[in-house]
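Me: I would like to learn how to read a few features of a protein model, step by step. Could you take me through them, giving the general idea before the case at hand?

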Amino acid sequence: MTLHRDMCYPTPQELASAARALAEEHPALVRLRQAGTSRAGQPLWLLSLAPSQPRAGAGGRGPGPGRGRAAEPRSVLVVAGAHANEPVGGATALALVRRLVHDPAHRAGCGWHFLLCADPDGAALHRTPRPYSLLHYHRNFYRPPGPEQPEWAPSLLTADRLPPETRTLTALIDELRPVLQVSLHGTDLGGSWVQLTRDIPNLAEPFAKSAAELRIPIETGASDAAGWPSPGPGIFVLPGAGADPAGAFHPEDTRLSTWYHAHRYDGTTAIVEVPMWASDLVDDPAPHPDPRAALRLLGGRLTTDAALVAGARELVREDAPYRTPGDGADAAALLRAVDWTLALIPRIAAEWAGAGAPAEATAAYIGSIDAFGRRLSLRAAAMLLRVLRAQGHPAAPALDRLVTGWCESFAARFQARRVPVAVQVEHQARTVLAAYERLTGAPAEEGL
């Protein structure tokens, strides 16, 4: 894949336009259809590539060769844009489609399907097509609360209250019965890692090779996967039945998310994370000298920072007339997200103040938790700032200074270096193909 260093994150509308062009260019191979509609009436687009003829002797999901009929084709479902503030997935989806059009080997007996943006409403509120700094990224930041996130909603809501985006995603899984579901995610600052609902043997090798070639650190102690089994650096497998998959970082049971819906059809889900800014501090395997004391300090800082944001939140005039925000911000949506984020913090801080980290924790693990805590308060403050600006509130400049200082401190502490969008896309695309190869026995892509 040619790396275009000036690539930026496409909007849902740009994704749909590019997908339509691909379908028109390759009508016998590529199909674009509307799979559903968002809460705000935006289309949810599915781009599909038809399978090529299976290789001689290759099996699919149905009866094997010599049993009287052809094997049923496999399918792969790739989900982009499940988190509004992680826009890299759409660009990766398009890159994979363009690659697979000319790659019959990976389409041998397998149809590939791409949900181009699982949350277009959220994407419309997070506007950073080409962020050049952490501050720029947070200027128009938005991440919806858990119940409004398509993948997480089943972990928090009863079936009758699920949003249409979630119902569309689960209906696609029911229709396609994917052998592999891949969810494309991104982190603001850190490294790359992969979460799996079942182990994919030997995935660590091509994953590490790609990361090394592209100078992307591997996040070996990802806070999102704290306590999960790790068969290789940066590869984490969700614990089995009877274990606690959440810990301090998720109030919901991950196993109720749409990631697990594919298990109904013997499928496996891989969540592929790539960073916008890289930090080698999350790839440090050295033992931390005193992880429990460090975690208590981080919990105290998180509590203090959250209190500053909560104080500013109390200044919001709920019944005041709003100016029309220059960025089109939806104040109600932003405030729901602020309140959700602030509500998470006391439980997390209390967990860190208790037993917290294992005594043998690495520097990478503590670094990942440090980043996690910083981004919680920063995100809440950034979204609140958009509301105060929209109100023309006199407290907005002070909160702006706080957000600016936190962004600068975050970048300085982790020695952040920007990862070009094209490099993020290349690593994510390579990892998707490697996961498929290792899971199904498909031929490896040349170079990996």
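Reply: Let us begin with a term we shall need: two residues are in contact when they have heavy atoms within 4.5 Å. Please keep in mind throughout that this is a predicted model.

Me: With that term in hand, which residues is Glu273 in contact with, leaving aside its neighbours within four places in sequence?

Reply: Glu273, whose place is in strand β8 (residues 268-278), is in contact with Glu86, His185, Gly186, Thr187, Ser192, Trp193, Gln195 and Asp224, once its neighbours within four places in sequence are left aside.

Me: What is the nearest side chain of opposite charge to Glu273, and how far away is it?

Reply: The general idea is that side chains of opposite charge can pair when their charged atoms come close. A salt bridge here requires a side-chain nitrogen of Lys or Arg within 4 Å of a carboxyl oxygen of Asp or Glu. For Glu273, the nearest side chain of opposite charge is Arg143, 7.2 Å away, so that Glu273 is buried yet has no salt bridge.

Me: How many salt bridges does a search of the whole structure find, and which residues are linked in a network?

Reply: The search finds 18 salt bridges, and Arg39, Glu148, Glu165 and Arg336 are linked in a network of them. Arg33 forms a salt bridge with Glu175, with the closest N and O atoms 2.7 Å apart. This pair links distant parts of the chain, for Arg33 lies in strand β1 and Glu175 in helix α5 (residues 164-176), 142 residues apart. Glu175 is partly exposed, with a relative accessible area of 47%.

Me: In the salt bridge between Arg413 and Asp370, which partner is buried and which is partly exposed?

Reply: Arg413 is partly exposed, with a relative accessible area of 39%, whereas Asp370 is buried, with a relative accessible area of 5%. The closest N and O atoms of the two are 3.5 Å apart, and the pair links distant parts of the chain, Arg413 being in helix α10 (residues 396-413) and Asp370 in helix α9 (residues 363-391), 43 residues apart.

Me: What span should the 14 residues of α1 have?

Reply: At 1.5 Å a residue, helix α1 (residues 12-25) should span 20 Å, and its end C-alpha atoms are 20 Å apart, which agrees.

Me: Finally, how many helices and strands does the chain have, and what share of its residues is buried?

Reply: The secondary structure comes to eleven helices and nine strands, and buried residues make up 60% of the 448 residues in the chain. Among contacts between residues at least 6 apart in sequence, 79% join residues at least 24 apart.

Conventions
Residues are numbered from 1 along each chain as its sequence is written. This is a predicted model: local features need pLDDT of at least 70, side-chain atom pairs count only at pLDDT 80 or more; totals for chains, interfaces and linings use all residues. Side-chain values use heavy atoms; hydrogens and water are left out. Helices (H or I, at least four residues) and strands (E, at least two) are DSSP runs, numbered from the N terminus. The expected span of a helix is 1.5 Å times one less than its number of residues. Buried means under 20% relative accessible area, exposed over 50%, partly exposed in between (1.4 Å probe, protein chains only). Lys and Arg count as positive and Asp and Glu as negative; His and the chain ends are not counted.
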